[in-house]
Amino acid sequence: MASPLYLTLMAGPGVALPVPKPLIDALVSAEVSESATGRSGFQLTFTLADDSILQTFFLLAAASPIPLLRVVLMANFGGLPQVVVDGIVLHHEVVPDAMKGSSRLVVTGQDLSALMDLIDFSGLPYPGMSPDVRVLTILAKYAAFGVVPDVVPVLIPDVEVPLVQTPSQKSTDLNYIQEMAKDCGYVFYMMPGPLPGVSQAYWGPQIRIGMPQQCLNVNLDTWTNVESLSFRYEPQNAVTPVVFSQDQTTKLVFPIPIPSVTPFNPPLGLAVPIPQKVEQMNDTAKLPVSQAIMQGMARAVQSADVVTGEGSLDVLRYGQILRARSLVGMRGAGIAFDGMYYVDSTTHHLKPGEYKQNFVLKRNALIANTPVVPSYPF
């Protein structure tokens, strides 16, 4: 029997607190999207009556000294609460329904990275700081909102001498951090939880290793926990990036091909296709060799995914939330498509008593390279 689903909604200006019961009762549905490389977004839909507490709640939130309405949504089934989204409201809209004689309030927002896109800090100097130290300095401003930095140092720091040149910020904190991530071949995103009111800000390479989630099963009778699933095999999309390094003495430029399999992107199958295209990254010649290689590795990860799986599942039957940015096993899809996958994105669809997800899986090879995949999480 499926475990009962309980939703917990927290909201408030700056700090999210549990909302009154009439407000959570008015929640009709929630949709949350997660991506491996981009922002997470959410949309909450409420029933709105003339005397609804929602009218008063949003008026008080707008009139507060902190004009930011923060929302935290948690799902609890099997006795384990999990934070689905932690973000701020960017837009709300009232949608009348003339046929039913009522209205609906649709609240749209993004994760806490939206806070970093509000103020332009152009010109702020960072003397003698490598990119990772600059990221830590920027993220320190958001500690009051529960943002915990998870920053991976660059392999070879390129620290400019302050007397010669001092790096300065361009645009908002979010744009500047994303620009530095691109220069280093890194990614930046926010992960909600593990506690309500806490989010992890990850800045580092896209890592496709770690503890896998509970296995996805298809065509296994009573063990099947996937409602729909399809696969695409597209080897023509893979490329071999070629970066360049210039010798400062002779001014000669040396090409450096980057393989599709890297320490951060290990083969997730036995048959890794040879890329059919070569892509020259000419702009890397002016960069330090370590930075050029990291950018090439990031491009190799982006293009190496020759297998894409798209499907949907019922979370109550699956037994836990399928999270993006981590690994998951697959069984029952056939010899070519069984094995480990990287969860590239998920979309959560929640209603009272119902929790379903759409997901996109990616892999850089065919045929499983492990004899078994975990049926249950460790």
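**Reading helix packing and burial**

User: Which residues of helix α3 are buried in this predicted model?

Analyst: In α3, which spans residues 131-139, the buried residues are Pro131, Asp132, Arg134, Val135, Ile138 and Leu139. Viewed along the axis of α3, these buried residues fall within an arc of 160°, so they line one face of the helix.

User: What covers the buried residues of α3?

Analyst: The cover includes one helix, α4 (173-184), along with the strands β8 (147-151), β9 (187-192) and β10 (199-204).

User: At what angle do α4 and α5 pack, and how far apart are their axes?

Analyst: An angle of 65 to 115 degrees counts as roughly perpendicular. Here α4 and α5 (residues 289-303) pack at about 95°, with axes 6 Å apart. The two helices are therefore roughly perpendicular to each other.

User: Which residues make the contact between α4 and α5?

Analyst: From α4 come Lys182, Asp183 and Cys184, and from α5 come Gln291, Met294 and Gln295. Sorted by class, the contact has two nonpolar, two polar and two charged residues.

User: Which residues does serine 103 touch?

Analyst: Leaving aside residues up to four places away in sequence, serine 103 touches Phe46, Thr47 and Leu48, and also Val94, Val95, Pro96 and Asp97.

Definitions and conventions
Residues are numbered from 1 along each chain as its sequence is written. This is a predicted model: local features need pLDDT of at least 70, side-chain atom pairs count only at pLDDT 80 or more; totals for chains, interfaces and linings use all residues. Side-chain values use heavy atoms; hydrogens and water are left out. Buried means under 20% relative accessible area, exposed over 50%, partly exposed in between (1.4 Å probe, protein chains only). Helices (H or I, at least four residues) and strands (E, at least two) are DSSP runs, numbered from the N terminus. The arc is that of the directions from the helix axis to the C-beta atoms. Contact means heavy atoms within 4.5 Å. Axes are lines fitted to C-alpha atoms, for helices over the stretch in contact, and angles run from 0 to 180 degrees between N-to-C directions. Angles under 35 degrees count as roughly parallel, over 145 as roughly antiparallel, 65 to 115 as roughly perpendicular and the rest as oblique. Ala, Val, Leu, Ile, Met, Phe, Trp, Tyr, Cys and Pro count as nonpolar, Asp, Glu, Lys and Arg as charged, and the others, Gly among them, as polar.
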